[in-house]
Amino acid sequence: MSKTNIIEAENLTKVYKGKVKAVDSISFSVEEGEIFGFLGPNGAGKTTTIKMLNTIASITSGKATVAGQDVTKHPAKVRDVIGVVPQELTADDELNGMENILLSARLHHVRGDDARKRASDLLKLVDLDGAAGRRVKTYSGGMRRRLQLAIGLIHTPKILFLDEPTLGLDIQTRTKMWEYMSKLNKEQGLTIFMTTHYLEEADGLCNRVAIIDHGVIKVSGSPSQLKERVGGDVLTIELTTGPDITDFLRSIPDVHDVVRTDQSYRIKLPKTEKALPAIVEGVTKKGLEIKEIAFTKPTLDEVFLEVTGKSMRDEDAGESESYIQNIITERMQ
Amino acid sequence: MLDETLALTNRALKKWVRNPFTIIPGLATSAFYLALFGNSFNPTNLVPASAGAAAKSAILSTTFGGALTYITYLTAGVICLIIVFNMSFGGIDIVLDRQLGYFNTLLTSPIPRAAIYFSGVFQNLAKAMLLAVLTFVIALIIPDGLKLTASFGILELLGAFAAFTLLGLGLSCVFTSLALLARSIDSLIAVVNFINLPLIFMSSSLFPSSSFPGWLLAISNVNPISKADEAARILIVNGNPASNGMMGTFVGDMLYLVGFVVVMAVLGYWAAARAMRPE
């Protein structure tokens with residue numbers, strides 16, 4: 001049975017002050033229960049898209065529905081079913097962790113014992129149960145991010161929107177955040193829509209991703225589909241000696257391309273696991289000795305490079321995001 | 001809507017109370033205003049010592065409504081001053097909430113926009129009124145401070161603070177919507193400074209309007225600060241208004257303040273709702 005689309009965007013466009021086209025006629029859908037990643041450099045239009053879906057940015061043209069509700073016509077109904085974890089660290093410094101989460105519960109009409117139980121469970125989920133009574137100003141940046149995740153979940157939303165959820169975190173905390181998100185998705189079937197410019201985050205966590213650049217979706221699909229698009233894996237075989245076997249390697253099914261450098265052959269193929277036995281067997285049958293064998297999986301950065309013509313890692317933060325980053329950094333300290 | 005308004009007001013007040021650096025300077029300001037204005041503007045200082053105590057009290061009785069000390073006259077004005085300044089700069093927290101992203105968190109929550117606006121109004125009002133009460137207490141305990149008449153009772157106290165509260169509520173509606181419209185602290189402060197000092201000096205807060213030139217008197221007469229001043233001063237200086245024929249003026253001032261609150265709440269919410277529309 002096919003899953004239903006919980007988010008649908010059709011020719012979604014956002015033009016700020018009639019001049020800056022932040023999002024340019026993008027269309028995509030997110031299935032119920034999946035983790036969907038919006039991948040792109042700073043200023044690509046990720047946050048603007050999430051703001052339109054969250055009802056806080058108007059739509060210049062096009063249409064978007066969240067949980068079956070039109071975000072422009074029924075914004076209040078959309079707000080009832082979404083959880084939002086913003087890019088900024090917004091928990092109140094002077095309130096403690098529990099107070100912050102209970103305030104959010106009250107604003108989402110979760111009350112009494114239900115609110116307290118849910119708050120305790122969520123603080124436990126993000127490993128903050130021991131720090132619940134401490135004021136947030138004593139929290140580290142990672143603890144604040146984890147608290148924000150818990151705050152965004154207090155009303156059991158149908159869809160959780162996360163805008164750069166691991167921005168500025170060290171790798172250990174980032175890995176923890178991925179664990180929490182993965183757990184919520186697998187155990188509770190929570191649909192997650194996240195933006196990120198960390199390639200490994202999108203690759204490891206998302207069922208599907210869309211790469212957005214300059215307000216335009218360049219490509220979308222599962223991370224493995226996108227990586228296959230750039231030609232799959234690269235297998236490198238180095239032989240001790242022997243004749244040129246380029247033609248032989250090209251004749252093996254699934255091999256896309258072979259480039260020879262001295263005794264080293266760079267073989268592009270969709271999946272190494274599929275063609276590797278045939279390659280090794282063929283080379284051995286020819287009486288040749290393999291000196292070294294290695295393969296690399298393509299990364300989403302290579303996909304990004306192919307669809308945008310530049311590497312995402314080269315992108316610098318835009319001015320406005322630098323400003324936000326400064327505030328975040330300040331709170332992290 | 002009420003519950004969300006109270007929840008957000010409670011959040012702001014908790015943050016305020018837990019940060020001693022916000023309350024203590026506020027109290028110190030009240031004491032300074034009373035001590036500094038009470039001495040520097042004191043009209044009895046203009047009367048030569050040789051003229052005697054009777055001449056000093058005569059000036060208070062003729063120009064300052066019969067106040068027993070200048071600070072007795074000044075207390076209502078200083079409380080209004082404290083209210084105006086707290087209202088005007090209270091909006092900074094709202095701008096900060098917007099800049100730090102908390103505001104967007106509220107906008108994506110299923111709460112009425114009116115709750116966001118009125119929580120801003122009430123949190124500033126609550127902070128200002130607490131300082132107003134403490135200013136009143138400081139005025140009572142400082143030397144040569146506030147001297148109440150025998151007919152000043154609990155009703156007069158409540159009446160005076162009702163006037164301050166109405167002024168605070170109306171001003172809070174104005175300044176909360178300005179804070180929601182402002183996109184930076186700098187722009188808010190620029191606008192607020194443009195409004196608050198002229199508003200104070202075009203009122204009878206620090207000096208009786210009877211000495212104003214015609215044009216200034218005309219402005220002062222419609223200035224809500226003057227109305228709150230006058231209403232509270234009638235009670236603080238003279239006690240029960242029924243016993244001194246000032247009930248009509250008092251009731252008129254209070255009705256004017258109620259109208260001011262209603263108009264500012266409607267206009268303020270209209271402006272705030274525009275500021276909270278999707279960007």
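Modeller: A residue is called buried when its relative accessible area is under 20%, exposed when it is over 50%, and partly exposed in between, using a 1.4 Å probe and protein chains only. By that rule B:L2 is exposed, because its relative accessible area is 61%. This is a predicted model, so local features need pLDDT of at least 70 and side-chain atom pairs count only at pLDDT 80 or more, while totals for chains, interfaces and linings use all residues. Residues are numbered from 1 along each chain as its sequence is written, chains are lettered from A and ligands numbered from 1 in the order in which they are written, and side-chain values use heavy atoms, with hydrogens and water left out.

B:L2 is found in helix α1 of chain B, residues 2–17. Helices (H or I, at least four residues) and strands (E, at least two) are DSSP runs, numbered from the N terminus. Along the chain, B:L2 and B:G239 are 237 residues apart, and their C-alpha atoms are separated by 36 Å.

Helix α4(A) covers residues 112–125, which makes 14 residues. From its first C-alpha to its last, α4(A) reaches 20 Å, close to the 20 Å expected at 1.5 Å a residue; the expected span is 1.5 Å times one less than the number of residues. Which residues of α4(A) are buried? They are A:A115, A:R118, A:A119, A:L122, A:L123 and A:L125. Seen down the axis of α4(A), these buried residues fall within an arc of 150°, so they line one face of the helix. The arc is that of the directions from the helix axis to the C-beta atoms. On the other side of α4(A), A:D113, A:K117 and A:K124 are exposed. The buried residues pack against α3 (97–107), α5 (141–153) and α6 (171–188) of chain A, where contact means heavy atoms within 4.5 Å. Just after α4(A), A:D127 takes a positive phi of about 55°.

Helix α6(A) also holds A:T173. A:T173 counts as buried because its relative accessibility is 12%. Leaving aside neighbours within four places in sequence, A:T173 is in contact with A:G142 and A:R146.

Next come the sheets of chain A. Two strands pair if DSSP finds at least two bridges between them. Four strands form an open sheet in the order β2-β1-β4-β5, with antiparallel pairing. Its edge strands are β2 and β5 (69–70) of chain A, each pairing on one side only. Helix α1 of chain A (residues 46–53) packs on this sheet and touches β1, β2 and β4 of chain A. The direction of this helix makes about 65° with that of β2(A); axes are lines fitted to C-alpha atoms, for helices over the stretch in contact, and angles run from 0 to 180 degrees between N-to-C directions.

Within the sheet, β1(A) (residues 5–16) and β2(A) (residues 20–31) pair antiparallel over eight bridges, and A:N5 stands opposite A:E31 in β2(A). Their hairpin has three residues between the strands, and there A:K17 takes a positive phi near 50°. Strand β1(A) is joined to β4(A) (residues 61–66) by five bridges, again antiparallel. A:A9 stands opposite A:A64 in β4(A), and A:E10 has A:K63 as its bridge partner.

Another open sheet of four strands has the order β12-β13-β11-β14 in chain A, with antiparallel pairing. The edge strands here are β12 (257–261) and β14 (290–296) of chain A. Neighbouring strands of this sheet are turned by 15° against each other on average, direction ignored. Strand β11(A) (residues 233–239) pairs with β14(A) over six bridges, and A:I237 has A:I293 in β14(A) as its bridge partner.

Last are the rings. Rings of Phe, Tyr and Trp (its six-membered ring) pair if their centres lie within 6.5 Å; planes under 30 degrees apart count as stacked, over 60 as edge-to-face and the rest as tilted. The whole structure has 18 aromatic pairs over all chains. One of them, A:F28 with A:F36, is stacked, at 5.6 Å centre to centre and 15° between the planes. Both A:F28 and A:F36 are buried. Ring pairs link A:F28, A:F36, A:F38, A:F161 and A:F193 into a cluster.
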